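Here are a few notes to go with the model, jotted down as I went through it. Have a look at the structure and then read on.

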Amino acid sequence: MSSIRSTATPLRLFGSAAAAALLIAVPLGTARAEFPDKTIEMTTLFGGPAQTTSQVLADLMSKNIGQPVITVSRPGGGGAIGYTYVQSAPADGYSIVFSSNSISTVYYQGNLPFNYTALAPIAHIGMEVPVLAVRADSGWKDLKSMQAAAKASGKKLRVGVSGLGTFTHLASAALFNRLGLQVVYIPYGEGRAPAELLGGRVDAALQWSSQFAPHVKAGTINVLCMTSKDKVDLAIETVTCDSAGATGLDLTIWRGIHAPKDTPPAAIARLEASIKQAVESAEFKKAGENLGFTPLFKSAKDFGKLVADNDKEIGELMTELGINKKK
Amino acid sequence: MTGTVRTRDLLTGSLLLVVALVWIGLILTTIPDAEGMPSSARTFPLASGIGLAVLSAIVVAGALFGNTADADQKRAGPGLDALEWRGIAATFGFLVGYIALLWAVGFILATVVALAAYLFLMLGKRSPALLIGYPVGFALAVWLILGKLLAVYLPRGVLFNLF
Amino acid sequence: MDALLTALAASLSWQSVLATFFGSLVGLIFGAIPGLTYSMALAMVLPITFTMGHTPAIAMLLGTYIGGMTGGAVSAILIGVPGTPSAAATVLDGEIMGKQGKASLAIGIATIAGCIGGILSLIVMLVSVDALARVAISFGPAEITALVVFGLSTICGLAGGSLVKGLIGGVIGLMLMNIGQDPIDGVPRFTFGSTAMLQGVDLLVAMIGLFAVPHVVTVFATYWRGKEMKIDPGHVRTELPSWRLLLAQRWNFLRSAAIGTVVGAIPGTGGPIAAFLAYDQAKRWSGHPETFGKGEVSGVVAPEASNHAVTGGAMIPLIGLGIPGDPATAIILGGLLIHGIQPGPLLFMEKPDVISSIYLLFVLSYIITALIQLFGVRLFVKALRVPPHLLALGILVMCVIGSFAIRNSLFDVGVMSLVGFLAYWLIKGGIPVTPILLGLVLGPTLEREARTALIMSEGSPTVFVESYTALLFWGLALLILLSQVVTMVRERNGKASKATT
C-alpha cells in the first residue's frame, strides 16, 4: 500500500544530523566507476513487520555502502508482482528484492511463471519462527495436553492461519499431520490472530511470537511451541514442537536478498559485504528483538543452498496438501 | 445516448445486461469451482454477475413497459455533442500518451512534454510563457516537493532518465 | 500523577511539538493528494523516527496519521476528488459547497468537525478502552459481514432517483474488486494468465479514476464550448464557520463521533464505512433531508467528524490489545515496537507514562493539524483562481502520479484510466458514482469475511445469525431498506394522484 524511500533526502536531516552527515560525507570519498555509483532499489513485497525490517536494513546499508538504498513497495499477488518486477529488471545490482519463502509458495500455487532459480541469491538476513498459541482458559499447557483433549472431544480443531497456501498454513498442516489431529484452517488477515483467539473463534493459531507477547505476559494466551528444530531466542520463552511431540518438525521462514539472475559477481560481493555489516550490527539486532525477528547472516552460497532445500520441502508439503499446481 | 430518459435507460440497461452475461460466461469457463466447499472463488463474482443481470433486466423492462408518462419528455441531462466527444478523446489520448512517455523517459521529461503538447495542440495555447512555464514549473515543483523532499517514488524511464 | 506530569513534560517538549508539526504537515500533503494516503506517509516517516527518542517518535507518527486523515477533505471540497477513501462521503456536499463559493467555509468546518470528532473519540478511549477492546474482539467474520451489509444499505440513501440504478452502481463496484487474486484461495480471477493482472484493481486506483476522470472530461468540454466560468476573485473569499453554526451541529458531532469510534475500534473495517454511515444517519435525523447533496453543512460535518473519530477508535485495539485494525495502525505498531514499546494490557501497568504521552500527543496532533489547516485555507482556496481547464490538466497529472505511487506500478495508472472511462459512461447512463465507491470499499471485506465465516462454520449459513451483534446489524440494514421502499412507494402514489387530479 505504500511507497517509501528511506534515503538521504532532506527529511533525514530532521531525524538525525549525525546520520545525515555520514551519508553526505561517504559518497565524496568513493570512486565514481565503482559499484555502486547510484541509488539501489530494494523491492519489498508485503506490509507489516516485514516492511519495517526491510526499512531498517535499507537504512543501515545506506550508511555503509556509500549510496542510498531505498525500499520500494511492489505488493500484490502474494509476492508475484514484486518478484516478476525484479526478475525482469536490469541485472546490474541496482535492483534487489527483500525475499522470503513466499517465492516458493506462490510458485507452487501456480501464480509465478518462474521459481527461485530465476534470481541470484545475495545473502540470508534472518528468520522468523512461528509459534503455536492457544487461549489460556483452554487449560492446554503443552502440545500433548492439546492433542489429548482434541482427540477426546472428537471435534475438529479450528486453527487460524494468515491465508490458505501461505507459509503459516503449510507449517500448521505439517504440525497437525504429525499430531494426527483433524483440523479446519481459518484464513484471517495478517495481525488478527490474537483477536480471533481471544474472541474464542479459533482454538489455536500459528503466528509470529511478537503478536502474542503482550497477551502471554497478561496471562490470557499460552504459547505451546515453536516450529523450528533448534531452539531460538524469541519474545516468548517456549520449547520446540519437535521436542514437545511433533517429532521432526522444522519449518521457519527465511528472509534474504535476491537480485536478477545475471547480476555481476562483483556487485553481488559488494552487496553481500554491505548486508553482512548491516545484519551483524547492534542496531539490527535490537530492531530484530523488538520486531520479533531473528537476524542471522549467511553468505550467498549458503543462502542459495538453503533456498533450494527449503523450496523442495515446500513443494513436497504442498503436494501432500493437494495444493501444488506445478506437479 | 442523447434523447429521453427512456432511450437512455434502454441503452444502459441492455449494455449492462450484455456485460453481466459475458461476465458470468467468463466465470464459468475460467474460474475453477471448489467441490464440496460452501463457497469458492466463484461464489462472489457469480453472485455479483447474476445481480447485475437481474438489475439491468429491471431497468430494460422499466424502459420498455414503464408507464411513467414524463420519461418520454424528460431529456437525460446534457447531450453528447462533438465537443463532449472531443473532451473524452483528448483526456484519454493524454493519459495514453503520458503513460507511454512515463514508461520510456521517466517523470520529468514525460510531464514537460505531455503538458506542453496538450496545452499547444488541444487547448490552443500560443503564449510561450504559458507553454514553457506551466509544464516546466509544474514538473519541477512536483519533482522537488514530492520526489525529493517527501521521498515519493516517481516513475523512472526504461530508456533514460533526466535525473 | 507523577506519570502524568512526566508525560506532560515530555509531550510538550520542543522536540515533540516540532515532530508533531512536521508529521501533521507531511500527513496533510499526502492526504490531500488523491492516491497518496496516510499509510504511505506513515511508512515514509517511519525510518526518520528510528533514531529519535520514543516520545518525539510517537508524536511524529500520530501527527502524520491525523494530518493524513484531515488532508483528505481538502481535495474532496476543492476539486471533487477525495484525497483518501475516508473522505469520499465528504465529496457529496463538500464539492457542492466549493462550487457555491463556500470552499473555505467547507474546509473550515471539515477541519473543526474532524478535530472535535477526533478528540471525542479520545475521550471515549480514555473512559472505556477495556470495554471497547472487548467489544472489538467480539466482532468475528460473521459480525463484520453483517456490519458491512449495514454499510452497503446506505446505498439506498445515496441512490438519488432510482434505487435499482444505485444498486447497479454498488454491484459494479463489487465486480471491479473481483478482478485479480481471490482473497481466500489465491485463485486468479479474470487475469487471462497475466502476472500483472494478479494485482487486480486497487481501491485507491479505482477511486481516483471514478472521481477525477469524468470531472476532467467535463471541464475540457465546457472549455471548448466557451462556457467556462470567468473567475471572480471576490467569489473566492475566505470565510470560517461561526460559533452559531458549530453549536447547531452539536448532536451531529456527537452522533457521528460515536459511529466513528465504534467502527474504528473493529479491526478490518475503517474510515469509509464510518463516514458513509454517519452521513446517512445525519440525513435521516435531519429535519430537512432534501438539502443533503446540495451543499448542506451537516453533510460535511458528519463524515469528517466520523472518519476522524475512527483514528481514536482504531487506537483502542492497538493500545489496549496490540492489534492493528488497518495498514496505517500496523505501521504505527511497527514504530512503537521498534522503540521497545509493546502495546497491550500490560503497557497500562508497566509504562503508564507512555500511555499518558500517547493520549496527550493525540490531542496535540489534533490541535496542530487543525491550526495548520485553518491557516492554510487561504492558500488552498487560491487554487480555485487558476482557470478550470489549466487546473484540470494539473489534476490529471497528479492523478497519474498518485495512482502510480500506490504500488509503484504503471499498470495501476492504466487501470485508473480505464475505470475513469467506464465511470464516465456509467454517469452518462444515469448510474450514480457514490454507490460504485461503496461497492469498491466494502466488496473485498464482504467477500473475505463472509467466506471466512463459512469456512469457520464448515458451510453452515446459520453462523451469520448466531450472535446478537450480527442480528442487530442485519435488522438495521433491513430497516433502512424497508423505509426506502416505503418512501418510494409513497412518492410514486403521490405523483400518480397528482397526475389524475
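Predicted model: local features only at pLDDT ≥ 70, side-chain atom pairs only at ≥ 80, totals over all residues.

1. Buried here means under 20% relative accessible area. The list runs Y38(C), S39(C), M40(C), A41(C), L42(C), A43(C), M44(C), V45(C), L46(C), P47(C), I48(C) and T49(C).

2. I also checked the length of that helix. α3 of chain C covers residues 38-49, and at 1.5 Å a residue its 12 residues should span 16 Å. The end C-alpha atoms are 16 Å apart, so the two values agree.

3. On to chain B. The unreviewed UniProt entry annotates "transmembrane region" at residues 12-31, 43-67, 87-120 and 132-154 of this chain. In the model, residues 12-31 of chain B are 95% helix and 0% strand, with end C-alpha atoms 27 Å apart. For residues 132-154 of chain B, the figures are 78% helix, 0% strand and 22 Å.

4. Chain B also comes in two domains: domain 1 spans 5-72 and domain 2 spans 82-149. Their centres, taken over C-alpha atoms, are separated by 39 Å.

5. How do the chains B and C pack at α5(B) and α18(C)? Helix α5 (residues 128-149) of chain B meets helix α18 (residues 388-407) of chain C at an angle of about 35 degrees, the axes being 12 Å apart. The crossing is right-handed. From α5(B), the contact uses L130(B), Y134(B), F138(B), V142(B) and L146(B); α18(C) brings L390(C), L393(C), G394(C), V397(C) and M398(C).

Technical notes
Residues numbered from 1 in each chain as written. Chains lettered and ligands numbered in written order. Heavy atoms only, no water. UniProt positions renumbered as here; feature names shortened; annotations may be inferred. Helix = DSSP H or I, 4+ residues; strand = E, 2+ residues; numbered from the N terminus. Expected span 1.5 Å × (residues − 1). Buried < 20%, exposed > 50% of the residue type's maximum accessible area, 1.4 Å probe, protein only. Domains from an automatic or database assignment. Axes fitted to C-alpha atoms, helices over the stretch in contact; angles between N-to-C directions. Left-handed = near helix turned anticlockwise from the far one by under 90°. Contact = heavy atoms within 4.5 Å.
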